[in-house]
Amino acid sequence: MRSSVRCEHGFHLYKLTNDYAVGSYPAAQRHPAVPVRWDQPITEMSDLIFSRTDAATIP
């Protein structure tokens with residue numbers, strides 16, 4: 001989805017940190033990373049959130 005289309009409809013893209021390694025999940029459960037605003041091309045497998053919140057991070 002093009003970023004202009006997301007913005008036209010009021011959505012902002014946020015990326016979650018996830019290295020997809022099995023051993024990283026227990027620590028991620030205890031201390032989850034904050035989703036961060038993402039405006040770069042998506043070039044790899046990613047966990048994304050589409051939100052109408054307009055901020056650098058979302059809780």
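How many bridges pair E1 and E3, and in which sense do the two strands run? E1 and E3 are joined by 5 bridges in the antiparallel sense, where two strands count as paired if DSSP finds at least two bridges between them. The structure is a predicted model, in which local features need pLDDT of at least 70 and side-chain atom pairs count only at pLDDT 80 or more, while totals for chains, interfaces and linings use all residues. Residues are numbered from 1 along each chain as its sequence is written, and side-chain values use heavy atoms, with hydrogens and water left out.

The protein holds 2 helices and 3 strands, where helices (H or I, at least four residues) and strands (E, at least two) are DSSP runs numbered from the N terminus. Read from the N terminus, the order of elements is α-β-α-β-β. Of the 59 residues in the protein, 14% are buried; here buried means under 20% relative accessible area, exposed means over 50%, and partly exposed lies in between, with a 1.4 Å probe and protein chains only.

The 3 strands make up an open, antiparallel sheet in the order E2-E1-E3. Strand E2 (36-37) and strand E3 (47-51) are its edge strands, each pairing on one side only. Strand E1 (residues 12-16) is joined to E2 by 2 bridges, and these strands too run antiparallel. Lys15 has Val36 of E2 as its bridge partner, while His12 stands opposite Ser51 in E3. E1 is mostly covered, with 4 of its 5 residues buried.

Two charged side chains sit over rings, a term that requires NZ of Lys or CZ of Arg within 6 Å of the ring centre and within 35 degrees of the ring normal. Lys15 lies over the face of Trp38, 4.3 Å from the ring centre. Arg52 takes up such a position over Phe11, at 4.2 Å from the ring centre.

Tyr20, in the loop between E1 and H2, has a positive phi of about 65° although it is not a glycine. Tyr20 counts as partly exposed because its relative accessibility is 30%. Asp39 belongs to the loop between E2 and E3, and it counts as exposed because its relative accessibility is 65%. Asp39 and His12 are 27 residues apart in sequence, and their C-alpha atoms are 8.7 Å apart in space.

Open space was examined on a 1 Å grid over the protein atoms alone, with a pocket being an open set of points where a 1.4 Å probe fits and with protein on both sides within 12 Å along at least five of seven lines. The largest pocket has a volume of about 310 Å³, the volume being the space filled by probe spheres set on the points, which are joined across faces, edges and corners. Its lining residues, those with an atom within 4 Å of a point, include Leu16, Asp19, Tyr25, His31 and Asp47. Helix H2 (residues 25-30) gives the most to this lining, with 3 residues. By class, the lining has 5 nonpolar, 5 polar and 2 charged residues; Ala, Val, Leu, Ile, Met, Phe, Trp, Tyr, Cys and Pro count as nonpolar, Asp, Glu, Lys and Arg as charged, and the others, Gly among them, as polar.
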